[in-house]
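Visitor: I would like to learn how to read contacts, cores and backbone angles in a model. Please take them one at a time.

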Amino acid sequence: MKRVINLTYAAIRRYGARRWSVCRGAIEINTNYVVSVSQCELQGVYRNSCDLPFILELSNGTKLLAYFHNYGTSTDDEMLGDLAEAANAAVDPDVYGKVSFYMLNQ
């Protein structure tokens with residue numbers, strides 16, 4: 001497993017915050033501090049054909065909404081490795097605008 005990965009996220013919720021901050025950002029994560037990676041429950045709203053939404057939770061309580069292109073559906077997919085990082089980089093840029101629209105209009 002790769003020790004540090006670079007991901008682009010669509011939204012972030014820091015520990016203690018009540019709401020998600022909707023923004024397209026990039027973060028470098030030490031994989032030792034990732035507590036969980038799970039598919040986003042609202043896939044019908046946030047899913048974009050081949051780009052799948054996932055929630056990553058860090059050990060400090062921060063949560064990130066990140067997308068992966070055609071990745072994460074197989075049990076063999078390593079969510080914190082080189083292929084996941086490449087799948088995240090291949091996400092359609094329009095996804096981030098759609099996330100902003102849905103989250104800001106809730």
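Visitor: Which residues does L65 touch, not counting residues up to four places away in sequence?

Guide: Contact means heavy atoms within 4.5 Å. By that rule L65 touches Y9, A10, A11, W20, C40, P53, F54, I55, V99 and M103. This is a predicted model, in which local features need pLDDT of at least 70, side-chain atom pairs count only at pLDDT 80 or more, and totals for chains, interfaces and linings use all residues. Residues are numbered from 1 along each chain as its sequence is written, and side-chain values use heavy atoms, with hydrogens and water left out.

Visitor: Is L65 buried or exposed?

Guide: Buried means under 20% relative accessible area, exposed over 50%, and partly exposed in between (1.4 Å probe, protein chains only). L65 counts as buried because its relative accessibility is 1%.

Visitor: Which residues of the largest nonpolar core touch the most other members?

Guide: A nonpolar core is a set of buried Ala, Val, Leu, Ile, Met, Phe, Trp, Tyr and Cys residues joined through side-chain atoms within 4.5 Å. Here the largest has 18 residues, and L7, I29, F54, L56, L64, F68 and Y71 touch the most other members. Another core, of eleven residues, lies apart from it, and L65 is among them.

Visitor: What is the phi of N70?

Guide: Most residues other than glycine have a negative phi. N70 is not a glycine, yet its phi is positive, about 50°. N70 counts as exposed, because its relative accessibility is 53%.
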